Amino acid sequence: MTVGKYIARRILLMVPIVLGVATLAFVLMQLAPGDPAAAYLGDKATPEAVAQLRHVWGLDQPFLIQYFQFLGGLIVGDFGPSFIFQTSVLELLKLRMPATLMLMLVSVIFAVAISIPISLWVAATKSPTAAIVSRIFTASVQGMPAFFVGTLLILVLGVNTGLFPVGGYGRNLGEHLYSLVLPGIAVALTICPVLIRSLTAALNDSLSAEYTNFAMSKGLSRSKTVTNYAFRNAGITGISILGIQVGHLVGGALIVENVFAIPGAGSLLMQSVLARDYNVVQALTVVFGILVVLVYLLTDIIYSVVDPRVRLGG
């Protein structure tokens, strides 16, 4: 199967997935306690005022009518207006999503920069000390949630030393990247343990293969065998694991944004959930669902390009 046909087939398969995510998001928001109109008007609002606002927003219509209106808007890319922010949801997404996407990209770069050297160190040296340090690091990091790591980074590298900003996003690309260093590390550490263990295991498996044993029998050192031969095959495993971890990456980014006051989709989602802004929550859920599926698709394509033995198919 050609790459073009494979991509077209996977995009078609995305339709029921996106429909399922959208339906789940809609149903959960309908079942959630609270009333957007009452939340918007405040505690002193009269029942008549709440009922009138619900009518203006279309919240008094039957469940199925609201559902099919939501799906109709989703098809044409119209998520409707935001109840709280007094603008279209699409404009909010255009304003907030770039910061979240950049945070995810920075987090991936940090995760790779941390995981690869540790895995290579353990596999190349075959040192008990390296293995113990790696285990302690992965066990410690895996037991700490992203918001806790972010808070520690703020105290140590932000408040105490002043090396990095403790919040905000800056005004230009340079300030954006600088402000994302600490949150990027915090998110990256949530997926580093899985990456390190997977890469280390893949490197050790490659080192026990015949081609690496032959290379070392010819006089090549273990460290050079790891970097020149074993790492190529282990990298394929790393790509797959990194793609699978995108869900954790999204969740970590959404949480860390609130810790560092980054004006991205995470803080928008939190505000919208608290305010019962149905349209914004539903739109963000669908967008992140599509993002995860697209990353899985990209991972499969990269996997097939890196490893010629893999063929794209069913």
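Predicted model: local features only at pLDDT ≥ 70, side-chain atom pairs only at ≥ 80, totals over all residues.
Which helices each supply at least two residues of the lining of the largest pocket?

Figure 1. Residues are numbered from 1 along each chain as its sequence is written, and side-chain values use heavy atoms, with hydrogens and water left out. From the N terminus on, the run of elements reads α-α-α-α-α-α-α-α-α-α-α-α-α-α. Helices are DSSP runs of H or I with at least four residues, strands are runs of E with at least two, and numbering starts at the N terminus. The C-alpha trace spans about 85 × 55 × 35 Å along its principal axes. Of the 314 residues, 40% count as buried (buried is under 20% relative accessible area, exposed is over 50%, partly exposed is in between, with a 1.4 Å probe and protein chains only). Take the contacts with a separation of 6 or more: residues 24 or more positions apart account for 71% of them. Contact here means heavy atoms within 4.5 Å. The protein exposes about 16400 Å², and carbon and sulfur atoms supply 69% of that (Shrake-Rupley areas with a 1.4 Å probe; for residues, only the protein chains shown count as cover). As for charge, the mean positions of the 18 positive and 13 negative charges sit 18 Å apart. Lys and Arg count as positive, Asp and Glu as negative, and His and the chain ends are not counted; each charge is placed at NZ of Lys, CZ of Arg, CG of Asp or CD of Glu.

**Figure 2. The largest pocket, with a volume of about 560 Å³.** Back to the opening question: α5 (89-125), α9 (181-207), α11 (222-244), α12 (246-259) and α14 (278-306) each put at least two residues into the lining. The lining has 26 residues, and Val108, Ile239, Leu242, Gly243 and Thr299 lie nearest the pocket centre. For the method-minded: on a 1 Å grid over the protein atoms alone, a pocket is an open set of points with protein on both sides within 12 Å along at least five of seven lines, whereas a cavity is a set where a 1.4 Å probe fits but cannot get out; lining residues have an atom within 4 Å of a point. Grid points are joined across faces, edges and corners, and the volume is the space filled by probe spheres set on the points.

**Figure 3. Phe79, in the loop between α4 and α5.** Leaving aside neighbours within four places in sequence, Phe79 is in contact with Leu74, Val89, Leu93, Asn279, Ala283 and Val287. Phe79 and Leu284 are 205 residues apart in sequence, yet their C-alpha atoms are 9.7 Å apart.

**Figure 4. Two positive phi angles, at Gln86 and Lys126.** Gln86 has a phi of about 55° although it is not a glycine. Gln86 lies in the loop between α4 (63-75) and α5, and at 54% relative accessible area it is exposed. Lys126, not a glycine either, has a phi of about 50°. Lys126 belongs to the loop between α5 and α6 and is exposed as well, with a relative accessible area of 61%.

**Figure 5. Thr138, in helix α6 (residues 128-142).** Thr138 counts as buried because its relative accessibility is 5%. Not counting residues up to four places away in sequence, Thr138 touches Pro193, Ile196 and Arg197.

**Figure 6. Leu157, in helix α7 (residues 146-159).** With a relative accessible area of 24%, Leu157 is partly exposed. Beyond its neighbours within four places in sequence, Leu157 is in contact with Gly162, Leu163, Phe164 and Leu182. Leu157 and Leu182 are 25 residues apart in sequence and 8.1 Å apart in space, C-alpha to C-alpha.

**Figure 7. Two prolines, Pro145 and Pro47.** Pro145 is in the loop between α6 and α7 and is partly exposed at 37% relative accessibility. Its C-alpha atom is separated by 23 Å from that of Val295, 150 residues apart along the chain. Pro47 is found in helix α3 (residues 47-57) and is exposed, with a relative accessible area of 61%. Pro47 and Ser198 are 151 residues apart along the chain, and their C-alpha atoms are separated by 58 Å.
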